[in-house]
Amino acid sequence: MSDASRALATASQESFGRIVAALIRVTGDWTLAEDCAQDALALAVERWPRDGVPANPGGWLMTVARNRAVDVLRRADVERRKLRELALLADQETVPPATGEEDVVDDRLRLIFTCCHPALALEARVALTLRTVCGVPTADIARAFLVTDSTMTRRLTRAKTKIAQAGVPYRVPTGRTLVERLPGVLAVLYLLFTRGYDADGEPAFADEAIRLARMVERLLPGQPEVSGLLALFVFQHSRRAARRDADGNLLTLDRQDRSRWDHAAVAEGLDVLSRAGQDGPYAVQAQIAACHATARSSAETDWTAIAGWYDRLVERQPTPVVRLNRAVAHGYAYGPAAGLALLSEARAGGALDGYPPALAVEAELTARRGDRTRAAHLFRAAAAMSDGPTERRALSSRADELAPGLA
Amino acid sequence: MKYLMFVCTDTEPDTDPTAAPDIEKWVAERDANGQRLMGDRLAPPTAATTVRVRGGELLLSDGPFAETTEVIVGFDLLECADLDEAIDVARSHPMAYAGRIELRPFFDPNA
């Protein structure tokens, strides 16, 4: 990568959301803000390789974007106040004092709360956050959501129109409203991370989720669940290099080469976790992730502690999937029979019917109880039901190991 | 911004009229701080008359234009800075507990 393209990649990652957020604050026009940020990046692609990278790439981009916005607004003949505020905006950027910096960063936090407003559909919140705050191209978002470009464009446009028409505020809420809204913002970040972390997901989304979680933690200190979520992300992400074998197949925790885990990230996760408390659902999940991350080998995993955390989590989130994972933990801590008993509780009322991981868990517990043939059948059934190719391969190969002749 | 607040009944079984705040208090407070410009209760849908003109001819029919189980029983006209303020007004109305409320912003050609 050349200097210019490296500088461009870094600057666009760091600046896009900031520029969009600042322009939205001043103009109130989402489309204008995005277009101008995009134009600034396009101009950088053209200029930087030829003229060299400017001393302050972020400031350069902000100034170009600001000038575009001024041009457009001047042509549209809007009030003078907006133009005056735009002029101030670029001045803050070109001389980057610490105070101006914080104002601009705050814009991005405002933008996240607007994008994640509960008056928007959940899928639209995730997509809008990716597009507006992270600057992910619409085509990439469309691919991750398995829809066409034009469908995603329409969905984003509809969300932005709703924001404008319904008067969704551009503000970080306070008091009771902050307490009510923060879980929704974290849920969007969690979904974003999951989209990146899924077997066949878009890995860059996981990085974006971590960047956003770090930013929210910095800008909104004293919120334990934000730290809990960030710690959870960091622990999971620390295993990214060890999650797959040479052929790209998924490896379960017990099969991963732990020397390939990112131990600096684990240390950071523990540090973040110390701010997360032990009460919120994300904090508890992060505690579980920490138990795994700090076990020197699979055999040394403290399953009794993990089972205890799951007991706590199931009180806060009594969902079928949490119950399923609790069955796994108890299966390791207290033997496969205990796990199978909790599994049938989790399945009560058909709650996990058609969910391949439930079959895979039953298969694993059955194998550990010694019934290899039945376990292989269950793994194959789980594979047949699974819709991700990587997941399917992993399940089939478990079946083959247990009962090689039995395809 | 102006919002029209539709106050509706709800057939879902999870409504909770016992927890609902007092309507007189709500009206008095929201009038006093300028968030409620006007509002009233409506007669039941059986009193509705639907009016259409087709091909120059007046067509009248008895009842609302759509038969639904949830009905609009009242409305309030709100003046609020943004949606969050309007939500705050709506959530403290008794029918948010005993029914449902729909917030519709006035049409803005610039939005």
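Here are some notes on this two-chain model, which is predicted.

1. One is "domain: RNA polymerase sigma-70 region", listed by UniProt for residues 18–77 of chain A. In the model that span is 87% helix and 0% strand, and its end C-alpha atoms lie 25 Å apart. The other is "domain: RNA polymerase sigma factor 70 region 4 type", which UniProt puts at residues 112–163 of chain A. Here the model has 73% helix and 0% strand, with 13 Å between the end C-alpha atoms.

2. Next, a helix pair in chain A: α11 (residues 224–237) and α13 (residues 281–293). Their axes come within 8 Å and cross at roughly 30 degrees. That angle is under 35 degrees, so α11(A) and α13(A) count as roughly parallel to each other. The crossing is left-handed. On the α11(A) side the contact includes A:Leu229, A:Leu232 and A:Phe235, and on the α13(A) side the residues include A:Ala286, A:Ala289 and A:Ala290. By class, this contact has eleven nonpolar, three polar and one charged residues.

3. Then look at α14 (residues 303–316) and α15 (residues 320–334) of chain A. They pack at about 155 degrees, with axes 8 Å apart. That angle is over 145, so α14(A) and α15(A) are roughly antiparallel. α14(A) crosses α15(A) in a left-handed sense. Among the residues that meet are A:Trp303, A:Ile306 and A:Tyr310 from α14(A), with A:Val322, A:His330 and A:Tyr332 from α15(A). The class count for this contact is ten nonpolar, three polar and three charged residues.

4. The pair α17 (residues 356–369) and α18 (residues 372–385) of chain A packs at about 165 degrees, and the axes are 8 Å apart. These two helices are therefore roughly antiparallel as well, and their crossing is left-handed. Contact residues include A:Pro356, A:Leu359 and A:Ala363 of α17(A), plus A:Leu378, A:Phe379 and A:Met385 of α18(A). By class, the contact has eleven nonpolar, one polar and three charged residues.

5. On to chain B. What is its secondary structure made of? The tally for chain B is three helices and six strands. Along the sequence, these run β-α-β-β-β-β-α-α-β. The C-alpha atoms of chain B fill a box of roughly 45 × 40 × 20 Å along the principal axes.

6. Chain B has an annotation of its own: UniProt lists "domain: YCII-related" for residues 8–106 of chain B, again from an unreviewed entry. That stretch is 24% helix and 33% strand, and its end C-alpha atoms sit 18 Å apart.

7. Finally, the interface. How many residues of chain B are in contact with chain A? Seven residues of chain B are, and they touch nine residues of chain A. The chain B side has four nonpolar, no polar and three charged residues.

Methods: Residues are numbered from 1 along each chain as its sequence is written. Chains are lettered from A and ligands numbered from 1 in the order in which they are written. This is a predicted model: local features need pLDDT of at least 70, side-chain atom pairs count only at pLDDT 80 or more; totals for chains, interfaces and linings use all residues. Two residues are in contact if their C-beta atoms, placed from the backbone, lie within 7 Å. Ala, Val, Leu, Ile, Met, Phe, Trp, Tyr, Cys and Pro count as nonpolar, Asp, Glu, Lys and Arg as charged, and the others, Gly among them, as polar. Axes are lines fitted to C-alpha atoms, for helices over the stretch in contact, and angles run from 0 to 180 degrees between N-to-C directions. Helices (H or I, at least four residues) and strands (E, at least two) are DSSP runs, numbered from the N terminus. Angles under 35 degrees count as roughly parallel, over 145 as roughly antiparallel, 65 to 115 as roughly perpendicular and the rest as oblique. A crossing is left-handed if the near helix is turned anticlockwise from the far one by less than a right angle, and right-handed if clockwise. UniProt positions are given in the numbering used here, feature names are shortened, and annotations may be inferred rather than shown by experiment.
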